Amino acid sequence: MDTKVISLRMERQCLINKADVNEYLKLYRDTQPGQNVYWNGFGEPPELSFRAAFNDIEFNRTRQLERKLIKGRFGGGTLGWIEPCDLEHFIALYRKPLAKPTEIQLRILELIRREGPLNIQQIKGETGLLVKEITPVLHRLQEAFLIYEDQYDGEWDRGWYKFEEMFPKINPDKYKRHDALKTVLQRFAYRLVWFDAAMAKSFYKIPEKEIRAVLDDLTAEGILTISGSGYMLSTDEKLLSGYEPKPLKFVLALHRNDFLYKAHEHILKDLAKKLTDGLPYDHEPLQYLLIDGEFRGASVGHFRNGPYDLNDIVCDLPDPTSRKDEIVDAVCKANYGKMPQRFMGKEL
């Protein structure tokens, strides 16, 4: 990829100069829904790893307490955190209406509307249903934006409210999905500088046909410009003509909920498969290696509750050993100091 694009992308991601609070808020808005660290962040606030000049987990914990971040179930049923001011956009993007509600869905919905807020144990007591029967119903009602799970802290005993009680001023029908996509894709373009439809599909979990229709509109309106096989903001095309790329020399091990990973997930799965083909030990990708602004490999092994099995580090650099110490150090930092067993198949 063009060095100017990579450099500007790293700037926009706040990976060259870390974000202060004001810049962080802009970055978070543009990369919503925010998620916590993959696998080991259960119950924790969302985090934009490596990007903040302060402890953004604690910052977002406070935002949760103050309901400045709210929880939802978005693309593919994935949990995430958004700012309330964007709720109408994300309803338009991800609401799955109950076209044919089941008896149990209607029963629990009516109970919450009549008696709520209720936690799962209270619903169990009122209905006699098992937790394993109740939970998927709550998730489905959540996807329809009919109820809201008020997770304002890390506790598990959370209340479920009727949606309109928590958000009485929200109009669920304010935007069509096409229009909401126009908004978020411009933010996506700004933070990635260059992207294609497959990257937008990978991140937003929305059919590529719909994404392409919006990209066509934004291009026709002059907001986006076609650039090779992808797109960039027209303002960025002009900016890049006189842009001097920054020198990049860093290694970061990004988890699998990171914004950059999610935007490249379709590519990175294939990369990891190619780099680990035939390995005789567990080699699920744990983190992906962002080296000088580009994804070039992964730490692989096995996820566990507690320290992961760090079985190997694989990458496609022309001369991996020249960056070995940096890469191993980055993987150790992402895994609380634990040392990987191997580098490029060789014992450490």
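The paragraphs that follow go through some of the aromatic rings of this predicted model.

A pair of aromatic rings is described by the distance of the centres and the angle of the planes. When the whole structure is searched, 22 aromatic pairs are found. One of them is formed by Tyr 38 and Phe 303, whose centres are 5.3 Å apart and whose planes make an angle of 55°, a tilted arrangement. These two residues come from distant parts of the chain, 265 residues apart: Tyr 38 belongs to the loop between helix H2 (21-30) and helix H3 (56-65), while Phe 303 lies in the loop between strand E9 (294-302) and strand E10 (309-315). Tyr 38 counts as partly exposed because its relative accessibility is 23%, whereas Phe 303, with a relative accessible area of 7%, is buried.

A second pair to find is that of Phe 203 and Phe 259, which is edge-to-face because the planes of the rings stand at 65°, over the cut-off of 60 degrees, with the centres 4.9 Å apart. This pair, too, links distant parts of the chain, since Phe 203 is in helix H10 (residues 197-204) and Phe 259 is in helix H13 (residues 259-263), 56 residues apart. Phe 203 and Phe 259 are both buried.

Rings can also be joined into a cluster, as ring pairs do here for Phe 74, Phe 90, Tyr 94, Phe 145, Tyr 148, Phe 163 and Phe 167.

Finally, there are charged groups to consider. Over the ring of Tyr 28 sits the charged end of Arg 63, 4.8 Å from the ring centre, and over the ring of Tyr 281 sits the charged end of Arg 342, 3.9 Å from the centre of that ring.

Definitions and conventions. Residues numbered from 1 in each chain as written. Predicted model: local features only at pLDDT ≥ 70, side-chain atom pairs only at ≥ 80, totals over all residues. Heavy atoms only, no water. Phe/Tyr/Trp six-rings, centres within 6.5 Å; stacked < 30°, edge-to-face > 60°. Helix = DSSP H or I, 4+ residues; strand = E, 2+ residues; numbered from the N terminus. Buried < 20%, exposed > 50% of the residue type's maximum accessible area, 1.4 Å probe, protein only. Lys NZ or Arg CZ within 6 Å of the ring centre and 35° of its normal.
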